[in-house]
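Student: I have a structure open and would like to talk through its packing with you. Could we go through it piece by piece?

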Amino acid sequence: MAVADDHRDALDTPAQTISVASGGLATSSTVARAWRHGGRRRHHIVDPRTGENPVPLWRTVSVAAGSCVDANTASTAAIVLGRAATDWLVRRGMPARLVTEDGQVVHTAGWPLTEEGG
């Protein structure tokens with residue numbers, strides 16, 4: 001499976017390609033579904049605690065889980081959780097690839113290390 005910031009580019013310019021033997025993989029991103037409103041960059045992910053976009057930290061989070069629903073829930077939650085996301089994913093044993101707004105990559109819980117300096 002191709003992993004990228006924007007699903008429209010995944011096949012042409014994947015950031016990483018991985019294999020999934022079972023379960024599901026999902027990526028949540030603030031890149032593809034974004035716009036400007038009131039002079040601010042906005043996107044489709046909303047923190048339910050505030051009703052606003054989360055404080056920017058992760059632009060993309062990909063998670064492998066037992067199902068696509070679990071992976072999607074975790075990847076979106078990680079964007080909302082911000083700095084707390086890595087510990088939250090590790091405690092749940094969820095392999096993930098998190099990309100900061102400036103392109104730094106963080107891996108958790110067994111995500112394959114085959115890119116960006118491993």
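Student: Which residues does A96 touch, not counting residues up to four places away in sequence?

Tutor: A96 touches S62, V63, L89, V106, H107, T108 and W111, where contact means heavy atoms within 4.5 Å. Please note that this is a predicted model, in which local features need pLDDT of at least 70 and side-chain atom pairs count only at pLDDT 80 or more, while totals for chains, interfaces and linings use all residues. Residues are numbered from 1 along each chain as its sequence is written, and side-chain values use heavy atoms, with hydrogens and water left out.

Student: Where does A96 lie, and is A96 buried or exposed?

Tutor: A96 lies in strand 7. Its relative accessible area is 0%, so A96 is buried; buried means under 20% relative accessible area, exposed means over 50%, and partly exposed lies in between, with a 1.4 Å probe and protein chains only. Helices (H or I, at least four residues) and strands (E, at least two) are DSSP runs, numbered from the N terminus.

Student: What separates the C-alpha atoms of A96 and T108?

Tutor: They are separated by 5.1 Å, although A96 and T108 are 12 residues apart along the chain.

Student: Then the sheet. In what order do its strands run?

Tutor: Four strands form an open sheet in the order 3-6-7-8, and the pairing is antiparallel. Two strands pair if DSSP finds at least two bridges between them. Strand 3 and strand 8 (105-108) are the edge strands, each pairing on one side only. From one strand to the next, the twist averages 10°.

Student: How many bridges join strand 3 to strand 6, strand 6 to strand 7, and strand 7 to strand 8?

Tutor: Six bridges join strand 3 to strand 6, five join strand 6 to strand 7, and four join strand 7 to strand 8. As for individual positions, G24 stands opposite A65 in strand 6, T60 has V99 of strand 7 as its bridge partner, and R97 has H107 of strand 8.

Student: What holds strands of a sheet together in general?

Tutor: Strands of a sheet pair through backbone hydrogen bonds, either parallel or antiparallel.

Student: Which strands does helix 1 touch when it packs on the sheet?

Tutor: Helix 1 touches strand 3, strand 6 and strand 7, and its direction makes about 30° with that of strand 3. Axes are lines fitted to C-alpha atoms, for helices over the stretch in contact, and angles run from 0 to 180 degrees between N-to-C directions. Helix 1 covers residues 68-81, and its 14 residues reach 20 Å from first C-alpha to last, close to the 20 Å expected at 1.5 Å a residue. That expected span is 1.5 Å times one less than the number of residues.

Student: Which residues of helix 1 are buried, and what do they pack against?

Tutor: The buried ones are A71, A74, S75, A78, I79 and V80. They pack against strand 3 (24-29), strand 6 (58-65), helix 2 (85-91) and strand 7 (96-100). Just after helix 1, G82 takes a positive phi of about 60°.

Student: Changing topic: which residues of the largest nonpolar core touch the most other members?

Tutor: Of its 18 residues, these are W58, V61, V63, L89 and L98. A nonpolar core is a set of buried Ala, Val, Leu, Ile, Met, Phe, Trp, Tyr and Cys residues joined through side-chain atoms within 4.5 Å. Strand 6, helix 1, helix 2 and strand 7 each give two or more residues to this core, and the largest share, five residues, comes from helix 1.

Student: What does W58 contact beyond its neighbours within four places in sequence?

Tutor: Its contacts include A78, I79, G82, L98, V99 and V106.

Student: How many residues of strand 6 are buried, and what about S62 there?

Tutor: Seven of the eight residues of strand 6 are buried. S62 is found in this strand, and with a relative accessible area of 0% S62 is buried. The side chain of S62 makes a polar contact with the side chain of T27 at 2.6 Å. A polar contact is a pair of N or O atoms within 3.5 Å; within protein, one must be able to donate a hydrogen and the other to accept it, and residues adjacent in sequence count only if both atoms are side-chain atoms.
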